[in-house]
Amino acid sequence: MKTFIPMFIIFAIVTSLCVWDGIYSRKVFNKMEADCNYVFESLQTREITDGELQEKILEINDYWTSKMDVLAISISRKDMQPVSDYLQYLCASIKNESQEDAITYSRLLKYNVEGLSETVGISGLNLL
């Protein structure tokens, strides 16, 4: 009976951490998916020189950078690296004013964010 209480406390803490991490990850990836999709769709009709679009890209970069350290609790940095790389390439496209590169990297960014989101999400397939 003496070991039951500490084991229950540890179980409750671990379960709480898992639930919190799942909710946090879902929130971050929902925002990233929506923002990356917006950028990708916008680049189809607007130029990379558009100030609002540039601001949105830089905002996504700042958001991802700030959330990455907490996401590293449950996701390998190696798995998150492509998202960071494509964000940096997209930011470089702003500086270079390269529409073609921006479209390419926004598509790759969108694809990688969606893939990472599926990988870490709670689903029947992931539980297998």
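Me: Are H3 and H4 roughly parallel or antiparallel to each other?

Reply: Before anything else, please keep in mind that this is a predicted model. Helix H3, which covers residues 77-96, and helix H4, which covers residues 99-120, pack at an angle of about 160°, with their axes 9 Å apart. Angles over 145 degrees count as roughly antiparallel, and H3 and H4 are therefore roughly antiparallel to each other.

Me: ok, and which residues make the contact there?

Reply: On the H3 side they include Met80, Val83, Tyr86, Leu87 and Leu90, and on the H4 side they include Ala102, Tyr105, Leu109, Val113 and Leu116. Sorted by class, the contact of H3 with H4 has 13 nonpolar residues, along with three polar and two charged ones.

Me: What's the handedness of that crossing, left or right?

Reply: The crossing of H3 and H4 is left-handed.

Me: Now H2 and H3, at what angle do they pack?

Reply: H2 and H3 pack at an angle of about 160°, and their axes are 10 Å apart, which makes H2 roughly antiparallel to H3. The crossing of H2 and H3 is left-handed. Among the residues that meet are Ile57, Ile60 and Trp64 in H2, and Val83, Leu87 and Ile94 in H3. The residues of this contact divide into 12 nonpolar, four polar and two charged.

Me: Switching topic: how many residues are in the largest nonpolar core?

Reply: The largest nonpolar core has 27 residues, and those with the most contacts inside it are Met32, Ile57, Trp64, Leu71, Val83 and Leu109. Helix H1 (4-45), helix H2 (51-71), H3 and H4 each supply at least two residues of this core. As a general point, nonpolar side chains tend to be buried together in soluble globular proteins.

Me: What does Met32 touch?

Reply: If you leave out residues up to four places away in sequence, Met32 touches Ile60, Tyr63, Trp64, Val83, Leu87 and Val113.

Me: Is Ile60 buried or exposed?

Reply: Ile60 lies in helix H2. Its relative accessible area is 3%, and since buried means under 20%, Ile60 counts as buried.

Me: And which residues is Ile60 in contact with, leaving aside its neighbours in sequence?

Reply: Setting aside neighbours within four places in sequence, Ile60 is in contact with Met32, Asp35, Cys36, Val39 and Leu87. Take Asp35 as an example: Ile60 and Asp35 are 25 residues apart in sequence, while their C-alpha atoms are 7.0 Å apart in space.

Methods
Residues numbered from 1 in each chain as written. Predicted model: local features only at pLDDT ≥ 70, side-chain atom pairs only at ≥ 80, totals over all residues. Heavy atoms only, no water. Axes fitted to C-alpha atoms, helices over the stretch in contact; angles between N-to-C directions. Helix = DSSP H or I, 4+ residues; strand = E, 2+ residues; numbered from the N terminus. Parallel < 35°, antiparallel > 145°, perpendicular 65-115°, else oblique. Left-handed = near helix turned anticlockwise from the far one by under 90°. Contact = heavy atoms within 4.5 Å. Nonpolar A, V, L, I, M, F, W, Y, C, P; charged D, E, K, R; others polar. Core = buried A, V, L, I, M, F, W, Y, C linked by side-chain atoms within 4.5 Å. Buried < 20%, exposed > 50% of the residue type's maximum accessible area, 1.4 Å probe, protein only.
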